[in-house]
2 protein chains.
Amino acid sequence: MTAQAFSHTIGNDIESRIGELITRHCSPTDRSLSGLDCELLYDEVVRQACVSSEGGKRLRARLLLAFYDVLTARNPDDVARGGALDLACAIEVFQTAALVHDDIIDEADVRRGKPSAHKALASLAAARYAGSTERSAAALGSGLGIMLGDLLATASVDIVNEATSILPNYERIMSGFLTMHREVEIGQVLDLAAEHLSLDDPDELAKNSLAVFRWKTASYTTIAPIRLALLAAGVDERNASDTAEAIGVPLGLAFQLADDLLDVISNPEVTGKPVGGDIREGKRTVLLADALSDADHEQADYLKRAFTAPARDAATVDRVIALFSGTGAVSRSKERIASLWRQTQNALDDARSTLDLDDADLAALHDVCSRFIPADIRD
Amino acid sequence: MTAQAFSHTIGNDIESRIGELITRHCSPTDRSLSGLDCELLYDEVVRQACVSSEGGKRLRARLLLAFYDVLTARNPDDVARGGALDLACAIEVFQTAALVHDDIIDEADVRRGKPSAHKALASLAAARYAGSTERSAAALGSGLGIMLGDLLATASVDIVNEATSILPNYERIMSGFLTMHREVEIGQVLDLAAEHLSLDDPDELAKNSLAVFRWKTASYTTIAPIRLALLAAGVDERNASDTAEAIGVPLGLAFQLADDLLDVISNPEVTGKPVGGDIREGKRTVLLADALSDADHEQADYLKRAFTAPARDAATVDRVIALFSGTGAVSRSKERIASLWRQTQNALDDARSTLDLDDADLAALHDVCSRFIPADIRD
């Protein structure tokens, strides 16, 4: 099988397994609800759980499986591999749970090109309960969305509990998975706090943004997938944590920096997304911190006024993008990403001895990690 | 020690342990946030987690410990008893998580006599970010509240993961705890659906309400505490589940029916709560279903108009209370409760042989179960 065909097969496995797992772990444990009127709405919520989970790139699941497969290649075990696949799916299910709550908090209408979960549930409520006003349908959509996020978070842990029964390091895997939950939740609080940070101290702003990246993104994007893969492959706790942090922290930070950078420099005709979305929303990013840090007095004034205003129009977005380039913030972000990517590669090389890897193993891991950062930004 | 003094000691143990566990399981795993501006807000969120958890009657924790202590009295083990105490606390922490989200969904301003969590966090946001308008402070309060609920839900599972390492039936306890999470989440969705039920079919309305009680209340109030106690004491899965359902379902339903009844017939000078709060909110209850079922044409019309109106004033609340009595719905609820309490007592008596209990054991279990229903309603 070619590498591309193999990757495609893994993708299909992940995709179909996620659907199965969500349906099973979100369904009532007995049939006592059968035929009741209120059961119908619950069925719709489970359907939405599946819809919301579709359409991800599954980068996190693929990262976990790549590490697991490399480490177990000498002693493959089909049953345990099934457990590792479920761990990989559990991270994706957790991500969906987090995104559902995130979209309620950010009042986001669209996710992965479809209505966000609470919006879809509000439309459903409006259609189902003809008497409901738009406001009550919106409130019902948010209420159901909060519960949908809770149900998916519970399902993700339930999947892990089931998967770990056929894997080593049972309690450690569960503990690692719950640590990931908590880190993302902490990161979300930090992100809400960051919205209100003063723009007068760019250094503090950059530090806070990087902390948000570490907790809200790197936690479940790169650190947890590697850590859980290693634990599932039988690596001891200390080694698994140290290796996951060494590789996962720089890779996760680079991933988020690249994501923020693409928002500013990407071609909307290629990505299908309008450029400057983060700027329109007034998001505090490392790009903004770097721009403020290198701006002259007049430029800094403009940026501060733009980001403290209630909203930003298209002309302001264009001017801010120009300033991000002009002040050197874009170049500095590229340098930050390249440096973090070098750290990631060094950490991978260090893992050669600790994890007993050969050249082919290392190449496979470099490859899967490289997918988190677009090639033209990476080097 | 007298029974009262003993009960008081258990209460203190539970209370102080909950505070310890929340602080530990909600805190960042490393010190990388130290000194950052955004850490301050996170500290406030953890503080609110502790405040929100205070003031409960701890009925659920006490129920779990009573069953556990009776079953392990012949072979007491201090270390395992510590694990059981943590399981008991985990249920209370989960309840707080569920209430925090519930209050956001219901837009409730007050909980246990204090501002609800999202309201308290909104006040905090308004004070902390002087520039924020009232609307943005409210939105930030809700966002932080959603995260606080998520953090507490994660903490509750983390507490169980740690506690089970010193208890038998490890995976079963975790699975039972997660089933409880899911059942409450399903119950919450059913409850939101029930708000929109037609009032033209009182029988369907009563069935739906009882289903909500089973999933949203009995699940974590009575079924899970008994089931987890039995598993922690080494009882096998089948026996633990059957016994917990047999006792917990009728007791949990009776508990919720009594709670709804007290809302209508209690003396506000004794309870400190205004009478008829559920009616004011237009809640679909078994009382309403029973009243509609026994009402004459004119009374039914009045009730339907009252409960489909956008709001209900004091005079309407009084008239509805009079109709709940006049139609016989209050008496019928008392009969329902008495019948469910008899079922509970019979199930307890049946457990004598399956759990190998003596008279003193049974008396202790009857006593702890009886606390879920006021004496004057029970018999």
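Trainee: Is Phe255(A) buried or exposed?

Mentor: This is a predicted model, so read each value as computed from it. Buried means under 20% relative accessible area. Phe255(A) has 15% relative accessibility, so Phe255(A) counts as buried.

Trainee: What about Phe372(A), buried or exposed?

Mentor: Phe372(A) counts as buried, at 3% relative accessibility.

Trainee: How many aromatic pairs does the structure hold?

Mentor: A pair of aromatic rings is described by the distance of the centres and the angle of the planes. Over all chains, the structure holds 5 aromatic pairs. One of them joins Phe255(A) and Phe372(A). Their ring centres are 5.7 Å apart and their planes stand at 75°, so this pair is edge-to-face.

Trainee: Which parts of chain A does that pair tie together?

Mentor: Phe255(A) lies in helix α9 (residues 237-265) of chain A. Phe372(A) lies in the loop between α16 (359-370) and α17 (375-378) of chain A. The pair therefore ties together parts that are 117 residues apart in sequence.

Mentor: Now look at chain B. Phe94(B) and Tyr220(B) also form an edge-to-face aromatic pair. The distance is 6.2 Å centre to centre, with 80° between the planes.

Trainee: In which helices of chain B do Phe94(B) and Tyr220(B) lie?

Mentor: Phe94(B) is in helix α4 (residues 78-105) of chain B, and Tyr220(B) is in helix α8 (residues 202-232) of chain B. The pair therefore ties together parts that are 126 residues apart in sequence. Phe94(B) and Tyr220(B) are both buried.

Trainee: Where does a charge sit over a ring?

Mentor: Take Arg312(B). Its charged end sits over the ring of Phe307(B), 6.0 Å from the ring centre. In chain A, Arg214(A) lies over the face of Trp215(A), 5.0 Å from the ring centre.

Trainee: Which residues touch the most other members of the largest nonpolar core?

Mentor: In soluble globular proteins, nonpolar side chains tend to be buried together. Here the largest nonpolar core has 264 residues. Phe67(A), Phe324(A), Phe67(B) and Phe324(B) touch the most other members.

Trainee: What is Phe67(A) in contact with?

Mentor: Leave aside its neighbours within four places in sequence. Then the contacts of Phe67(A) are Ile226(A), Ala229(A), Leu230(A), Ile247(A), Leu348(A), Leu365(A) and Cys369(A).

Trainee: What span should helix α14 of chain B have?

Mentor: Count 1.5 Å a residue. Helix α14 (residues 314-326) of chain B has 13 residues, so it should span 18 Å. Its end C-alpha atoms are 18 Å apart, which agrees.

Trainee: Which residues in α14(B) are buried?

Mentor: Thr316(B), Val317(B), Val320(B), Ile321(B), Leu323(B) and Phe324(B) are buried in α14(B). They cover an arc of only 160° around the axis, so they lie on the same side of α14(B).

Trainee: What covers the buried residues of α14(B)?

Mentor: The cover includes α9 (237-265), α11 (277-280), α12 (286-294), α13 (297-308) and α15 (329-354) of chain B. The face turned away from the buried side carries the exposed residues Ala314(B), Ala315(B) and Gly326(B). After α14(B) comes Gly328(B), with a positive phi near 90°.

Trainee: Which residue other than glycine has a positive phi near 50°?

Mentor: Most residues other than glycine have a negative phi. Arg112(B) has a positive phi, near 50°. Arg112(B) lies in the loop between β1 (110-111) and β2 (114-115) of chain B. At 28% relative accessibility, Arg112(B) counts as partly exposed.

Mentor: Asn169(B) has a positive phi too, near 60°. Asn169(B) is in the loop between α6 (134-163) and α7 (170-194) of chain B. Its relative accessible area is 25%, so Asn169(B) is partly exposed.

Trainee: What is Thr96(B) in contact with?

Mentor: Thr96(B) belongs to helix α4 of chain B. Thr96(B) counts as buried, at 2% relative accessibility. Neighbours within four places in sequence aside, Thr96(B) is in contact with Ser52(B), Ser53(B), Arg112(B) and Leu152(B).

Trainee: Where is Ser53(A) found?

Mentor: Ser53(A) is in helix α2 (residues 37-53) of chain A. Ser53(A) is buried, with a relative accessible area of 4%. Leaving aside neighbours within four places in sequence, its contacts are Ile18(A), Ile22(A), Arg58(A), Thr96(A) and Arg112(A).

Technical notes. Residues numbered from 1 in each chain as written. Chains lettered and ligands numbered in written order. Predicted model: local features only at pLDDT ≥ 70, side-chain atom pairs only at ≥ 80, totals over all residues. Heavy atoms only, no water. Phe/Tyr/Trp six-rings, centres within 6.5 Å; stacked < 30°, edge-to-face > 60°. Helix = DSSP H or I, 4+ residues; strand = E, 2+ residues; numbered from the N terminus. Buried < 20%, exposed > 50% of the residue type's maximum accessible area, 1.4 Å probe, protein only. Lys NZ or Arg CZ within 6 Å of the ring centre and 35° of its normal. Core = buried A, V, L, I, M, F, W, Y, C linked by side-chain atoms within 4.5 Å. Contact = heavy atoms within 4.5 Å. Expected span 1.5 Å × (residues − 1). Arc of directions from axis to C-beta.
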